[in-house]
Amino acid sequence: MKQHISKKARIPLYLKILAGMIAGIVIGFAALQFDKGAEIVRNWLMPWGKIFIKMLQLIAIPLVFVSLVKGVTGLQDIRKISSLGGKTIGIYIITTVIAVLLGVSAGLLVKPGNIVDKSQVAHLQEQYVETTERNRALAEENQSQGPLAFLNDIVPDNITAAMSDNTKMLHVIFFAVFFGIAALAVPRDKIKGVLEFFDSLDLIILKMVDYIIRFAPYGVAALMAGLVTDFGGNLSVFGSLAVFALTVIACMLILMFIFYPVLIKLFTKMKWTEFLKKVYPMQLFAFTTSSSAATLPVTMDTAENKLGVSNRVSSFVLPVGVTINMDGTSCYQAVSVLFIAQVLGIDLSLLQILVIIAMTVLSSIGTPGIPGGSYVILTMVLTSVGIPAEGLALILGIDRPLDMLRTAVNVTGDVTVAKIIDTAEEKDRKNI
């Protein structure tokens, strides 16, 4: 009986984070009613929020490196069916790039973070003046180095140094992908120990992420209390948060009900209306579970029994999609980074926006399929372009419903690519 009560009383993590956000807002407004309330929040609460951010930054490089190596080495079947593997990865990357570009375009067009009171933005610009000046110096430096300067932000000369600096994440991503590709070229029985080591390391790191995310409600409460006192209780930040959420929702709906149906119309014989009708139950299941991995059996059933995709294609394309295809997540992260930069009054150069696009696409392979995994990736992207990671607190409270929606987008992208590849494979077989 006691066990039944404890299970029933267990509160989901996302509700705890939402409660932490609300508690932080209440504490922040309450602190503003006292003379030294803001100082108390700054000295006694904000340090806990900063600890939470530091823990996310601490685990970012190990998580991305191990996840990317596992993601690349897990594609060993590509050597056996190189045509299918090449098409799969190629189309997944293209759809992810388009999703990221949609997110960047929406963020730059709507500019949800600019709704915040300008006087409060000026206050935060003073607080983050060092970051702002570093961004400007970086932009000027890269402009003087020529059009190929961005390559220096991709290829490292010292991986140890890169792994000791969160701003060098592109270096780590390059090395992880390079390492994984080289591992694929070596007979699998020769590197069995290395692969088992990465499997074990991945489990440990994911458990560490789980512990960090459990601390999230308290970290978010501390960060939100600090943000409210920093903004002097100005409510415009919450208005901008609502516009941010609507912007993300609009992007997700465009991907699900316009982008993917258009791909189906152009590259398959299926009617787009029929496609939407048949994938709706799968989308609803993904929305409720917020997990592409948990939805995989339903995704495969939808692809094979409703969309007519062959088992040969679905058994390869869909599991790979769970690993590397994160269109909804990538689009969301692009909007989030721009939103946080706008709220904090940080102007991003064209080069920094290109870095955001590149890192979001590449890191989508390393985004773990666990609750809160995208927080770590977002922290990494923010840090790499000089945006204070504390701004992450702005969006954590409303992340759960947006996570549910972007998971539905992710699985819709998976079955779309599976249908396109199956149609292409069928044409190839007929031409032989």
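Predicted model: local features only at pLDDT ≥ 70, side-chain atom pairs only at ≥ 80, totals over all residues.
Me: Is Asp-117 buried, partly exposed or exposed?

Reply: Here are the cut-offs: buried means under 20% relative accessible area, exposed means over 50%, and partly exposed is in between (1.4 Å probe, protein chains only). Asp-117 has a relative accessible area of 28%, so it is partly exposed. Its C-alpha atom is separated by 8.8 Å from that of Phe-231, 114 residues apart along the chain.

Me: Which residue has a positive phi although it is not a glycine?

Reply: That is Lys-111, with a phi of about 50°. Lys-111 is placed in the loop between α4 (82–110) and α5 (118–127). With a relative accessible area of 40%, Lys-111 is partly exposed.

Me: How many helices and strands are there in the chain?

Reply: You will find 19 helices and 0 strands. Of the 432 residues in the chain, 52% are buried. Contact means heavy atoms within 4.5 Å. Among contacts between residues at least 6 apart in sequence, 85% join residues at least 24 apart.

Me: How are two packed helices described?

Reply: By the angle between their axes and the distance between the axes. Axes are lines fitted to C-alpha atoms, for helices over the stretch in contact, and angles run from 0 to 180 degrees between N-to-C directions. Angles under 35 degrees count as roughly parallel, over 145 as roughly antiparallel, 65 to 115 as roughly perpendicular and the rest as oblique. Residues making the contact include Phe-285 and Ala-286 of α12, and Val-298 and Thr-302 of α13. By class, this contact of α12 with α13 has 7 nonpolar, 4 polar and 2 charged residues. For these classes, Ala, Val, Leu, Ile, Met, Phe, Trp, Tyr, Cys and Pro count as nonpolar, Asp, Glu, Lys and Arg as charged, and the others, Gly among them, as polar.

Me: At what angle do the axes of α9 and α10 cross?

Reply: The axes of helix α9 (residues 192–214) and helix α10 (residues 216–230) cross at roughly 45° and come within 5 Å. α9 and α10 are therefore oblique to each other. Ile-212, Ile-213 and Arg-214 of α9 make the contact with Ala-216, Pro-217 and Tyr-218 of α10. That contact of α9 with α10 divides into 5 nonpolar, no polar and 1 charged residues.

Me: How many residues does α9 have, and which of them are buried?

Reply: α9 has 23 residues and reaches 33 Å from its first C-alpha to its last, close to the 33 Å expected at 1.5 Å a residue. The expected span is 1.5 Å times one less than the number of residues. The buried residues of α9 include Leu-195, Phe-198 and Asp-202. Asp-199 also lies in α9, but at 38% relative accessibility Asp-199 counts as partly exposed. Asp-199 and Lys-70 are 129 residues apart in sequence and 7.3 Å apart in space, C-alpha to C-alpha.

Me: How is a pair of aromatic rings described?

Reply: By the distance of the centres and the angle of the planes. Rings of Phe, Tyr and Trp (its six-membered ring) pair if their centres lie within 6.5 Å; planes under 30 degrees apart count as stacked, over 60 as edge-to-face and the rest as tilted. The structure holds 12 aromatic pairs. One of them is the tilted pair of Phe-174 and Phe-178, 6.0 Å centre to centre with 45° between the planes. Both residues lie in helix α8 (residues 169–184), 4 residues apart, about one turn of the helix. Phe-174 counts as partly exposed at 32% relative accessibility, while Phe-178 counts as exposed at 51%. Phe-197 and Phe-198 form an edge-to-face pair, 5.7 Å centre to centre with 80° between the planes.

Notes:
Residues numbered from 1 in each chain as written. Heavy atoms only, no water. Helix = DSSP H or I, 4+ residues; strand = E, 2+ residues; numbered from the N terminus.
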